[in-house]
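Take a first walk through this protein with the sequence and the model side by side. Begin with the overall picture, then move to the details.

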Amino acid sequence: MAVLSMAPGEALGEGWTDLGEGGAGSEDARRLGWESNADGMRMARSHLRKLGSYLRPHWRQTGLGVGALLLVNLVGVWIPLLIRDGIDELRVSFGFQQIAAYSGFVLLLASLMWGLRMGSRILLFGVGRQVEFDLKQNIFEHLLTMEPTYFAQNTPGDLISRATSDVDNVRRLLGFAVLSIVNTLFAYAFTVPVMLSLNVRLTVVALMVYPVMLVLVQVFSDRLRNEQLRVQEATSRLSDLLQEDMSGISLIKIYAQEANERQAFADLNQDLLEANLALARTRNTLFPLLGGLASISLLVILATGAGAIANGILTIGDFIAMVLYVERLVFPTALLGFTITAYQRGEVSIDRVEAILSSQPKIANASPHISLDLEQVRGQLEARALSYRYPGASAPALDGVTFTIQPGETVALVGPIGSGKSTLANALPRLVDIAPGQIFLDGCDITQLALADLRRAIAYVPQESFLFSSTIQDNIRYGDPLAELMEVQYAAKQAQIDPEIQNFPRQYTTLVGERGITLSGGQRQRTALARALMVDATVLVLDDALSSVDNQTATHILQNLRAGTQRQTVIFISHQMGAAALADRILVMDQGRIMQVGRHDELVTQPGLYQRLWEQHQLAEVLT
């Protein structure tokens with residue numbers, strides 16, 4: 001496809017000059033042509049298989065729709081024959097009763113044809129809507145299985161565009177295009193044999209322009225597909241920019257970047273405009289050509305048929321029937337351009353939709369996997385030479401990390417930025433794809449545990465405290481939507497956010513806005529912590545989740561977590577050294593390795609990284 005869109009010299013290189021002599025260039029050209037045709041055939045077969053898989057769950061409705069089209073075309077072929085018989089009979093004996101009988105019968109058949117055609121459209125367009133529903137549901141459910149890194153590599157705007165605009169194109173393909181193609185096939189299959197039975201010469205003359213129409217469709221086919229692909233990609237880029245700017249509108253205003261964002265949007269909008277105009281120019285060239293050629297066949301039969309009637313070769317009734325049959329083929333043939341456009345648009349969209357559905361999650365349940373009895377989980381965590389390297393990274397994020405955390409123990413994880421703390425936190429609930437045999441929960445390899453059970457056993461509060469556009473109550477009880485208000489309040493008290501919620505005008509029914517924009521950073525973090533506490537998991541992982549909270553409040557939160565009869569295993573990642581000092585043990589990380597392990601009073605007296613971090617903390621306390 002890419003080769004065909006280039007200039008001849010660019011596509012074939014120096015070999016282009018040898019084409020006339022039948023040299024190596026000629027061989028290359030033939031090989032490229034064969035490969036392109038073979039690829040095109042493979043793609044066409046692949047698309048047809050996909051269309052078949054989309055239609056398979058709705059085969060009954062599809063079959064009824066196709067059956068209705070079959071009857072429509074049978075009746076459509078019958079009506080001109082009936083009109084022919086009436087005209088020829090009226091030439092012999094003219095009577096009002098005969099006209100009334102023929103007219104009534106034709107009207108009855110036309111009404112039946114109208115009803116069947118309406119039914120076929122309802123059925124086949126309905127199948128398109130059902131497929132649209134299925135695809136959107138499948139895409140959403142599939143995206144829920146993908147790991148976080150997938151969404152870092154695929155922008156939200158592009159995914160949203162594929163799940164909406166591209167699925168809509170597939171719906172049009174399976175509604176309008178299927179109906180049009182099936183109707184055209186039936187129209188030709190039933191009409192042409194009847195035309196041949198009336199007069200072979202006149203039929204051949206009338207249909208001579210149709211091969212030219214097929215050539216036109218073939219010539220424009222690749223061009224339409226490439227232009228449609230450009231439209232879809234431009235739409236995705238525009239959607240992505242719009243989604244990002246709406247999410248980061250505060251940042252845009254803080255840095256006064258409205259003019260730059262306006263220009264960026266205008267550039268992408270211009271690209272989309274140009275892509276749509278190019279597609280429209282191609283369509284507006286193809287469609288009139290097809291319609292004009294289809295109308296030529298009608299003019300040809302009018303000119304040729306008059307001589308046949310004069311010579312007695314054709315009766316007036318046969319001639320009228322032939323005119324009606326040619327007119328019957330004009331509309332579906334002229335509609336072929338629209339159908340081809342819908343098909344090309346649908347092909348592009350099928351590829352873009354299947355690119356999502358065919359991507360396999362890198363983090364999935366093992367086969368077979370182990371189910372956890374959550375009430376029996378003790379919360380012992382063990383890492384054995386844990387190593388992990390991000391794709392494309394030059395150095396490992398984790399390098400031979402080994403530790404054991406006992407049930408109910410509170411462990412602080414400290415170290416400079418980039419030391420691997422967040423990667424370790426992501427590895428515990430398997431948000432990154434770690435190799436088997438490196439992390440164990442109560443002696444079980446976490447890669448062998450059911451993902452849902454593992455993530456219910458380990459509550460994780462990430463650095464970014466994401467809140468949904470809902471009430472505070474609904475955000476806190478997200479992990480347990482049926483929880484009562486008293487349970488929500490208890491979790492909020494543990495997270496030290498309840499007094500502030502009580503001061504809000506609507507208290508726990510207060511709407512937090514998009515991503516919790518109406519709350520401060522510290523309030524968002526403590527609300528997210530309360531949400532994690534609501535699920536009552538055995539292991540709680542806080543990845544710098546209190547960075548926007550003052551040291552005193554963070555200390556109170558840690559004390560609350562350590563209180564109670566059923567203590568959780570807590571891994572507390574923080575740059576707040578005062579709060580970290582309260583932990584049972586401290587793991588000091590640097591460059592993906594654990595450098596020191598011990599209690600605060602032990603580590604602070606040992607020369608090393610922890611001592612330096614503590615001294616920096618004390619200096620900051622003095623300065624503030």
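Among contacts between residues at least 6 apart in sequence, what percentage join residues at least 24 apart? The figure is 76%. A contact here means heavy atoms within 4.5 Å.

The model is predicted, so local features need pLDDT of at least 70, side-chain atom pairs count only at pLDDT 80 or more, and totals for chains, interfaces and linings use all residues. Residues are numbered from 1 along each chain as its sequence is written, and side-chain values use heavy atoms, with hydrogens and water left out.

How confident is the predictor? pLDDT is its confidence in each residue, from 0 to 100. The protein has a mean of 79, and 88% of its residues reach 70 or more. Where pLDDT is low, the predicted coordinates should not be read in detail.

Now the build. The protein has 22 helices and 10 strands. These are DSSP runs numbered from the N terminus: helices are H or I with at least four residues, strands are E with at least two. Of the 624 residues, 46% are buried. Buried means under 20% relative accessible area, exposed means over 50%, and partly exposed lies in between (1.4 Å probe, protein chains only). The accessible surface comes to about 31,600 Å², and carbon and sulfur atoms hold 59% of it. Such areas come from the Shrake-Rupley method with a 1.4 Å probe; for residues, only the protein chains shown count as cover.

Next, the cores. A nonpolar core is a set of buried Ala, Val, Leu, Ile, Met, Phe, Trp, Tyr and Cys residues joined through side-chain atoms within 4.5 Å. The largest has 42 residues, and L286, I301, Y325, V326 and L329 have the most contacts inside it. Helices α6 (156-198), α7 (200-206), α8 (210-247), α10 (258-310) and α11 (316-334) each supply at least two of its residues. The largest share, 12 residues, comes from α10. Leaving out residues up to four places away in sequence, I301 touches L202, A206, F319, M322, V323 and V326. A second, separate core has 34 residues, including L467, A491, L519 and L540.

Follow L540. This residue lies in strand β7. L540 counts as buried because its relative accessibility is 0%. Its C-alpha atom is 5.8 Å from that of I458, which is 82 residues away along the chain. Strand β6 (residues 458-461) pairs with β7 (residues 539-543) in the parallel sense over 4 bridges. Two strands pair if DSSP finds at least two bridges between them. V461 has L542 in β7 as its bridge partner. In β6, I458 and Y460 point one way, A459 and V461 the other, and all are buried.

L540 also touches L529, A532 and L533, among others. Helix α18 (residues 521-534) is mostly covered, with 12 of its 14 residues buried.

Finally, find the open sheet. Its 4 strands run in the order β2-β1-β4-β5, with antiparallel pairing. At the edges, β2 (398-405) and β5 (444-445) each have a single partner strand, so one side of each lacks a neighbour in the sheet. Strand β4 (residues 439-441) joins β5 through 2 bridges. There, L441 stands opposite C444.

Technical notes: pLDDT = per-residue confidence, 0-100.
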